[in-house]
Amino acid sequence: MTNKTPKAIFLDRDGTLIRDKNYLSQPKDIEYFPDTFEALQLMQTKGYQLYVITNQSGVGRGFFTLQDVTAVHRAMEQDLVQAKLSPYAGWGVCPHAPDQGCQCRKPFPKLILDFIQRDQLDPAQCWMLGDKGIDAECGINAGIRGGVVREKNNAGPYDYYDTLLAFAQQL
Ligand SMILES: [Mg+2]
Ligand SMILES: [Zn+2]
């Protein structure tokens, strides 16, 4: 696929692409959902670039370092390439604790807005997906579409999909 497509899907990491291990900080703890790669492949086949947008407050809380986060993301990049998919177009990480008053922690839209501008994406063709209401809200705050996957109890007023694959299929 081309890198020029203005269509994008912004994905939450923990609880969406991989199981939420509660402050995961080592590549060995990465565990995908059964449908993760099939869903990502379908998204790319349908012409969407994939980005990851993740709150990693474990950095701001001093549980682990930004280097640890980068090592996990490097491993996830390799997993994607091994699955014969195109690399992620971008990684947006908020390393701050909630009380640090940053502007990049979801549901703030800054990380998404920066990528939309950098890569000239079309907001009308972009989504933010995650397992929590704040993920959907983050997308809506960025002027794109938002939805919740996997955790129905977290969906609140937002569009809900049982699985990432179910989301990809309806695109
Ligand atoms: Mg999550
Ligand atoms: Zn932040």
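**The sheet and its surroundings**

Mentor: Six strands form an open sheet in the order S3-S2-S1-S4-S5-S6, with parallel pairing. Strands pair here if DSSP finds at least two bridges between them; helices (H or I, at least four residues) and strands (E, at least two) are DSSP runs, numbered from the N terminus.

Trainee: Which strands stand at the edges?
Mentor: Strand S3 (90–94) and strand S6 (159–161) do; each has a single partner strand, so one side of each is left without a neighbour in the sheet. From one strand to the next, the twist averages 25°.

Trainee: Before we continue, what kind of model is this, and how is it numbered?
Mentor: It is a predicted model, in which local features need pLDDT of at least 70 and side-chain atom pairs count only at pLDDT 80 or more, while totals for chains, interfaces and linings use all residues. Residues are numbered from 1 along each chain as its sequence is written, chains are lettered from A and ligands numbered from 1 in the order in which they are written, and side-chain values use heavy atoms, with hydrogens and water left out.

Trainee: Back to S3, then. How many bridges does it share with S2?
Mentor: S2 and S3 pair in the parallel sense over five bridges. Cys94 in S3 is the bridge partner of Asn55.

Trainee: What lies across those two strands?
Mentor: Helix H3 (residues 66–82) lies across strand S2 (49–55) and S3, and runs at about 150° to S3. Axes are lines fitted to C-alpha atoms, for helices over the stretch in contact (heavy atoms within 4.5 Å), and angles run from 0 to 180 degrees between N-to-C directions.

Trainee: Which residues of S3 are on its covered face?
Mentor: Gly90, Gly92 and Cys94 are on the covered face, while Trp91 and Val93 are on the uncovered one. In a regular strand the side chains alternate between the two faces of the sheet.

Trainee: Changing topic: how many aromatic pairs are there?
Mentor: There are eight aromatic pairs. Rings of Phe, Tyr and Trp (its six-membered ring) pair if their centres lie within 6.5 Å; planes under 30 degrees apart count as stacked, over 60 as edge-to-face and the rest as tilted. One of the pairs is Tyr88 with Trp91, edge-to-face at 5.0 Å centre to centre and 65° between the planes.

Trainee: Is Tyr88 buried or exposed?
Mentor: Tyr88 counts as buried, at 7% relative accessibility; Trp91, at 22%, counts as partly exposed. Buried means under 20% relative accessible area, exposed over 50%, and partly exposed in between (1.4 Å probe, protein chains only).

Trainee: And what about Trp127 and Phe167?
Mentor: They form an edge-to-face pair, 4.9 Å centre to centre with 80° between the planes. Trp127 lies in strand S4 and Phe167 in helix H6 (residues 164–170), so the pair ties together parts that are 40 residues apart in sequence. Trp127 is buried at 4% relative accessibility, and Phe167 is buried at 0%.

Trainee: Finally, what coordinates the magnesium ion?
Mentor: Asp12 (OD), Asp14 (O) and Asp131 (OD) coordinate the magnesium ion (ligand 1), at 2.1 to 2.2 Å. Donors are N, O and S atoms within 2.8 Å of the metal (3.2 Å for Na, K and Ca); water is not among the atoms, so sites may look incomplete.

Trainee: How are the donors spaced along the chain?
Mentor: They follow the spacing D-x1-D-x116-D.
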